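Colleague: I have a model open and some labels to check. Can you take me through them?

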Amino acid sequence: MRLSTQPSLDRFDAVPAASYRPGHGAVRAWLYLLAVLVVAMVAVGGATRLTGSGLSITEWRPVTGVVPPLDAADWAAEFDKYRDTPQFRILNQGIGLDGFKTLYWWEWGHRLLGRIVGLVFFLPFAWFWARGMLGRRLLTGLLGLGLLGGLQGAIGWIMVASGLQPGMTAVAPLKLALHLTTASLILAGLVWLAAGTRPRALAPAPEPVRVVACLLPALVLIQIWLGGLVAGSKAGLLYNTWPDMDGSLVPPARVLFDKVPFIENFIDNLALVQFNHRLFAYLVVGVAIAHAIQAARTAPGSAAGRAMGVAALALAQMGLGIATLLLQVPLWAGLAHQVFAMAVLIMATVHARLSLGVSAASAPKGAEVPIGLEALAGRGA
Ligand code: HEM
């Protein structure tokens, strides 16, 4: 579906629309496609973790690893390598070749998607750049995201390598949280840039609304990091009650801080890891709701609508988190909670970017743009 738009005439101190160039519709569509692929990558990564498949490929071969085992001898060789890992020896002695293949396909699929995202990023990027279709801001942002994407591949391998160490049956929680947060940062960056290429002008929201709007994606990212720690340390399999934890709203300090040195509790003490994730969720939801009220009072119109959207998604995500916990993390709930976190982040990022306003003075009259998230959210501005 396409929407015909006119640049509005009332201009103010809005952020330029990442300098409008002809063909920006194609660039926007490409950025949103990349965002969709990153969400798919997060979903497959989550399924890989929840099915316990992440340690089935024991090597990092960025190019040749694209070819999976093709015949019985290849499969036998791959299975042999896996049988040499501590995870197999401690946990999975019972699985046969068929069980191994299931694990392998999840991990291979996750890595394949990573390669596809890389190609879908770099090939059009080079083409758009060569044709002068990327303004300076957009180019700088995309170069940063390209670097972060490369780094993410390396972090992924460092994470897997941590799970292959003697005595380990899963990857290190800290590295898993880092991997998930970097993916989320890349997603937020893509969505930020995409929202900024909107050709229709949009007034900035009043300053207090802008400040909180920009704070929200940062809070959501911190919450994603804390969620990664819960998932990585399997802290969701303990204290499966809500709102209390083992009978009390705030567990006693001797439970929350029983490890020495003190700092280690934040990673290794499962009670504190889960408690921090709960507490920060209340903060995120509280700030989002207060912000929606603030925006409705001081910036009625599209900013208030978007702020309401962020609050509603954050609240729904909290409900999903509670259900995940009460049900002791079934695969569907764990996966839904992880993917929905990306929806909260996307909405918060679009809202933050559009709250800064977009000046589109150089957009051609009647420019046709595909309806994107931000076009929907900002309609009627
Ligand atoms: C805005 C609120 C929230 C956000 C953005 C959020 C985000 C996340 C994320 C990104 C993960 C990691 C998922 C993974 O790596 O698979 C996670 C894990 C988890 N969260 Fe939340 N969460 C929120 C609220 C809550 C609440 C309120 C609870 C329960 C009281 C909760 C319970 C859990 C549990 C049990 C896990 C571990 C799931 C697993 O092992 O797969 N979350 N959360």
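Modeller: Start with the names. Helices (H or I, at least four residues) and strands (E, at least two) are DSSP runs, numbered from the N terminus. This is a predicted model: local features need pLDDT of at least 70, side-chain atom pairs count only at pLDDT 80 or more, and totals for chains, interfaces and linings use all residues. Residues are numbered from 1 along each chain as its sequence is written.

Colleague: Where is Asp246?

Modeller: Asp246 sits in the loop between α7 and α8. Its phi is positive, about 55°, although Asp246 is not a glycine.

Colleague: What makes Tyr239 partly exposed?

Modeller: Tyr239 has 18 C-beta neighbours inside 10 Å, so it counts as partly exposed. Tyr239 is also in the loop between α7 and α8. Its phi is positive too, about 50°.

Colleague: Which residues come nearest to the ligand?

Modeller: Gly227, Ala231, Gly236, Gly321 and Gly334, of the 31 residues around the ligand. A residue is near a molecule if its C-beta atom, placed from the backbone, lies within 6 Å of it.

Colleague: How do you know where the ligand lies relative to domain 1 and domain 2?

Modeller: Domain 1 (21–196) and domain 2 (205–355) both give residues to the shell, so the ligand lies between them. The domain bounds come from an automatic or database domain assignment.

Terms used. A residue is buried if 20 or more other C-beta atoms lie within 10 Å of its own, exposed if 12 or fewer, and partly exposed in between; C-beta atoms are placed from the backbone.
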